[in-house]
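Student: I am new to this structure and would like to know how its descriptions are reached. Could we go through them together?

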Amino acid sequence: MLQAFNFPLPDIEWMTLLPMVIVACIGLLALVAEMIRPKADNGGIVAISLAGLIVAGGTLVYQLASGVDSLETAAEMVTRDTFGVFMQLIIVVSTFLTILFSEDYLREKRIPFGEFYPILLWSATGAMIMSASQNLLVIFLGLEILSISLYVMAGMSRQEEKSEESALKYFLLGAFASGFLLYGIAFTYGATGSLHLSAVEATWLRGDQASHGMLLFGLGLMLVGLSFKASFAPFHQWTPDVYQGAPTNVTSFMAAGSKVGAFAALVRVLEGFGGSSSLWIPALSAVAIITMFWGNLVALLQKDVKRVLGYSSISHAGYILVAILARAKNPQATSSSTVPYYLLSYVLMTIGAFAVVSLGASRGREDTRFGELYGLWKRSPLAASALVVFVASLIGIPPTSGFFGKYFIFADALSAGLAPLAIVLAVNSVISIYYYLGIARAAFVADEEEAVIARPKMGGGLAATCVLCMAGVVGIAVFYAPVMGLLGQH
């Protein structure tokens with residue numbers, strides 16, 4: 001009877017799994033701390049969470065510094081390479097920065113739920129799983145861990161209808177998109193007989209017309225699911241509504257950390273389907289153009305800062321897609337470092353901008369209209385200065401990382417023969433100047449109601465977040481050469 005269960009256990013390279021295990025276990029430890037803590041104090045939970053993320057980040061930095069050898073472990077369900085390790089590091093950084101400014105914000109919103117921290121850590125774990133696998137079922141598992149946690153966090157402000165509405169909208173549309181992804185995985189498995197993306201190319205090269213049809217149909221369904229998470233048009237409709245309704249600290253992770261997981265999975269899937277790139281590059285090029293124009297043009301009409309940043313994130317998704325397509329069309333002529341570099345820059349400037357916007361929370365309410373930023377330069381010079389730096393990077397003004405990131409994407413698109421995408425990217429960068437400068441300008445408009453309305457002061461966590469994000473945005477621009485070299489060590 002026992003012999004029936006006598007099967008060999010797979011070899012596991014534990015250093016590859018260690019960062020994900022650490023983040024998941026710290027989430028469990030934070031949950032235990034939440035149960036035994038004084039209900040008026042989340043300081044211990046925050047400390048545990050930040051310490052665990054530092055350890056997890058340290059293991060990832062160690063792997064990068066030691067040189068990452070590409071390998072697969074745990075029965076080929078987990079992949080380790082430079083791209084995956086760096087994506088996980090970006091997710092850890094985005095989680096750390098989000099936690100750093102969350103406590104003061106949650107207390108001003110009067111939703112100081114200690115459960116937020118373990119749920120956020122588990123969401124980050126899901127994004128890390130998506131970044132570290134070429135197994136389609138594992139990618140789907142990571143997506144669900146990421147998404148279910150985000151559904152819960154989006155509705156944390158239970159006294160606000162818009163928060164509950166955003167959570168419900170995100171859940172319904174997210175579940176619908178997950179169904180598309182799972183159907184696409186099923187068709188791919190039917191064509192290849194394997195869940196590993198390496199089997200796709202071998203099946204495509206066999207030249208079986210029926211298999212080709214199933215693979216393309218499966219890819220199309222998977223792209224629908226991943227396009228929802230990445231906010232590509234026309235699957236972006238949820239983005240501004242959910243970003244506006246969710247608590248701002250949740251929105252910052254949703255716009256940054258979860259996007260990194262989605263783009264990492266997209267890169268893995270498109271690399272697996274590289275043999276058919278001549279068929280899907282034109283279609284995704286059209287998606288990139290529509291996404292860039294839609295995000296930037298509709299952002300011009302918005303009166304709420306979170307909605308502006310929501311449409312901004314849509315346009316940046318289009319920029320990143322251009323880099324992915326350039327790499328897919330001509331890997332020899334483009335840099336493998338462009339996508340991770342731009343994602344790191346995007347995370348730093350996006351979380352920094354949302355952190356400043358979180359100052360609009362006061363006495364259980366939150367106002368994120370442009371008028372809430374009036375007088376910011378006088379109330380908090382640090383926040384106003386940080387906002388200017390983040391806006392400059394979002395526009396792409398030197399010497400910020402946003403400038404270098406857009407330049408690398410532009411150069412890659414030209415090198416790959418995608419000149420129309422490069423031109424559209426440049427045009428949209430010019431369009432975005434108007435609404436980004438509107439955000440920066442609002443911070444330097446005199447606040448006539450300052451004497452009437454008591455506004456919250458900038459807490460230590462928020463100040464630290466702004467300083468770290470500013471240092472990152474400028475630092476990876478000044479030292480772009482070694483950063484790009486590190487990312488290109490495949």
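Tutor: Gladly! Helix 6 (residues 161-192) and helix 8 (residues 209-230) pack at an angle of about 155 degrees, with axes 7 Å apart. Helices here are DSSP runs of H or I with at least four residues, numbered from the N terminus. Axes are lines fitted to C-alpha atoms over the stretch in contact, and angles run from 0 to 180 degrees between N-to-C directions.

Tutor: Before we go on, this is a predicted model, where local features need pLDDT of at least 70 and side-chain atom pairs count only at pLDDT 80 or more, while totals for chains, interfaces and linings use all residues. Residues are numbered from 1 along each chain as its sequence is written, and side-chain values use heavy atoms, with hydrogens and water left out.

Student: What makes helix 6 roughly antiparallel to helix 8?

Tutor: Angles under 35 degrees count as roughly parallel, over 145 as roughly antiparallel, 65 to 115 as roughly perpendicular and the rest as oblique. The angle is about 155 degrees, so helix 6 is roughly antiparallel to helix 8.

Student: Which classes of residue make up the contact of helix 6 with helix 8?

Tutor: The contact has 17 nonpolar, eight polar and one charged. Ala, Val, Leu, Ile, Met, Phe, Trp, Tyr, Cys and Pro count as nonpolar, Asp, Glu, Lys and Arg as charged, and the others, Gly among them, as polar.

Student: Why is helix 2 called roughly antiparallel to helix 3?

Tutor: The axes of helix 2 (residues 43-66) and helix 3 (residues 82-108) come within 9 Å and cross at roughly 160 degrees. That angle makes the pair roughly antiparallel. Their contact has 14 nonpolar, six polar and one charged residues.

Student: What is the volume of the largest pocket, and what is a pocket?

Tutor: The volume is about 420 Å³. On a 1 Å grid over the protein atoms alone, a cavity is a set of points where a 1.4 Å probe fits but cannot get out, and a pocket is an open set with protein on both sides within 12 Å along at least five of seven lines; lining residues have an atom within 4 Å of a point. A volume is the space filled by probe spheres set on the points, which are joined across faces, edges and corners. Of the 19 lining residues, the closest to the pocket's centre are Phe 83, Val 267, Glu 271, Arg 327 and Ser 336.

Student: Which helix gives the most to the lining of the largest cavity?

Tutor: Helix 13, with four residues. About 40 Å³ of space lies in that cavity.

Definitions and conventions. Helices (H or I, at least four residues) and strands (E, at least two) are DSSP runs, numbered from the N terminus.
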